[in-house]
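Subject: Structure handover

Hello,

Here is the structure for your work. My notes on what was found in it follow below.

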Amino acid sequence: MKLEAIGNLGHRLMLARTLPPRLVLAKIAKRLPWSNRRSVRVSEILHSPSDLRPDRLLEFYRTQEALLSERKSRSPIDFRGRNVIEIGPGPLAGWGPMAIFRGAERVYGVDPDWVDGAFSDPAVEAAYLRPHHMALSEAFGALMPFEEFRTRLADKLTVEARGLDAAQPEFTADIIISNSCLEHIVSLDVALMSLANLSAPAVRFMHLVNFGNHRDRLSPFSTIYEMSPSDYRRRYGNHINLRRPSDLHAAFAAAGIEAEMTIVDQPHEKVAGVDVHAYWKDRYCTEELAVRTALFCEPTNGGEK
Ligand SMILES: C[S@@+](CC[C@H](N)C(=O)[O-])C[C@H]1O[C@@H](n2cnc3c(N)ncnc32)[C@H](O)[C@@H]1O
């Protein structure tokens, strides 16, 4: 058995103990070659307490927006009449429905894991979309009734099962957003070059990047800093690209995108608790290694307050 398989098996067994049994079954069914991808995805959504929280993604968005407003005096993004790209929105189309609710002209999402037909399934509409519409109405006011929202989603929201480097939105984007996605893109440099070509001149963007291991909330840097990237990939596969903040900056700059970083969470004690391998010590300072989450946005004229 390969080391990668063992590393992932440990993670899967841990998940199997914590997730609802029917979600575990759906995840197992997904791996069977004869399974119907759409019905398996619908089942995954319907049995996932976190997916079904109607305001989960909305809360992320509003928290990030509030933090940028407070720290950088950054004005909120106005979606009205704008063309939007979302990278890696996930199974429930991410922030696309919010953008449409707030008046976006078009939203185009790219996610290799997207399954056509699952999001528009009637069971998903009842379990997620209707409560999500209520959450949006509470947050932003009664901007449109549910029937209009659903029609607009059908007409204006497209998500394609492909990676960012193959995105073909048929417009240049005024707004580009992603939540915990860029760290999963292995060929990030190529993907950001594509992104630069898809951006309108005054594009506004907001990318939340999670530099942790996505496995252990209490110890987000364990395993990563305990070995070199090649060892990490051998054991755990390519689920994260292991880029650090300065690498992200360099990748944005190489693509011709000027990006400003705002640190969201920097738990120094979580690095102190790890036996850091020379690979990381030699290349990055402790300050940088301690960045767990950060936002990358177009530059503001303000600065840290
Ligand atoms: C951690 S999930 C985040 C999903 C969602 N944004 C959220 O916050 O719940 C990362 C997502 O990025 C997607 N992804 C991975 N590689 C990608 C790529 N090259 N282009 C676009 N999306 C990608 C994955 O399929 C996955 O849905």
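The shell around the ligand is made up, by class, of 8 nonpolar, 7 polar and 2 charged residues. Please keep in mind that this is a predicted model. Of the 17 residues around the ligand, the nearest are Gly88, Gly90, Asp113, Gly163 and Asn179.

Asn179 also gives a way into the sheet. Asparagine 179 has leucine 208, in β5, as its bridge partner. Strand β4, residues 173-179, pairs with strand β5, residues 199-210, in the parallel sense, and 6 bridges join the two. Leucine 208 in turn has leucine 295 of β7 as a bridge partner. The strands β5 and β7 run antiparallel and are joined by 5 bridges. Between β6 and β7 the pairing is again antiparallel, over 5 bridges, and here methionine 261 stands opposite phenylalanine 296 of β7.

Taken as a whole, the sheet is open and has 7 strands, in the order β3-β2-β1-β4-β5-β7-β6, with mixed pairing. Its edge strands are β3 (157-160) and β6 (260-265), each of which pairs on one side only. From one strand to the next, the twist averages 15°. Helix α11, residues 245-254, lies across β5, β6 and β7 (293-297), and runs at about 15° to β7.

On packing: the largest nonpolar core has 66 residues, and Val84, Ala99 and Ile175 have the most contacts inside it. Leaving aside residues up to four places away in sequence, valine 84 touches Phe79, Ala99, Ala104, Arg106, Val107, Ala173, Ile175 and Ile177.

Helix α3 (residues 37-46) has these buried residues: Val40, Arg41, Val42, Ser43, Glu44 and Ile45. They pack against α2 (21-30), α4 (49-52) and α7 (122-140).

Is glycine 117 buried or exposed? It is exposed, because 12 other C-beta atoms lie within 10 Å, and a residue counts as exposed at 12 or fewer. Glycine 117 and arginine 41 are 76 residues apart in sequence, while their C-alpha atoms are 9.4 Å apart in space. Arginine 41 is among the buried residues of α3.

Regards

Terms used:
Residues are numbered from 1 along each chain as its sequence is written. This is a predicted model: local features need pLDDT of at least 70, side-chain atom pairs count only at pLDDT 80 or more; totals for chains, interfaces and linings use all residues. Two strands pair if DSSP finds at least two bridges between them. Helices (H or I, at least four residues) and strands (E, at least two) are DSSP runs, numbered from the N terminus. Axes are lines fitted to C-alpha atoms, for helices over the stretch in contact, and angles run from 0 to 180 degrees between N-to-C directions. Two residues are in contact if their C-beta atoms, placed from the backbone, lie within 7 Å. A residue is near a molecule or strand if its C-beta atom, placed from the backbone, lies within 6 Å of it. Ala, Val, Leu, Ile, Met, Phe, Trp, Tyr, Cys and Pro count as nonpolar, Asp, Glu, Lys and Arg as charged, and the others, Gly among them, as polar. A nonpolar core is a set of buried Ala, Val, Leu, Ile, Met, Phe, Trp, Tyr and Cys residues joined through C-beta atoms within 7 Å. A residue is buried if 20 or more other C-beta atoms lie within 10 Å of its own, exposed if 12 or fewer, and partly exposed in between; C-beta atoms are placed from the backbone.
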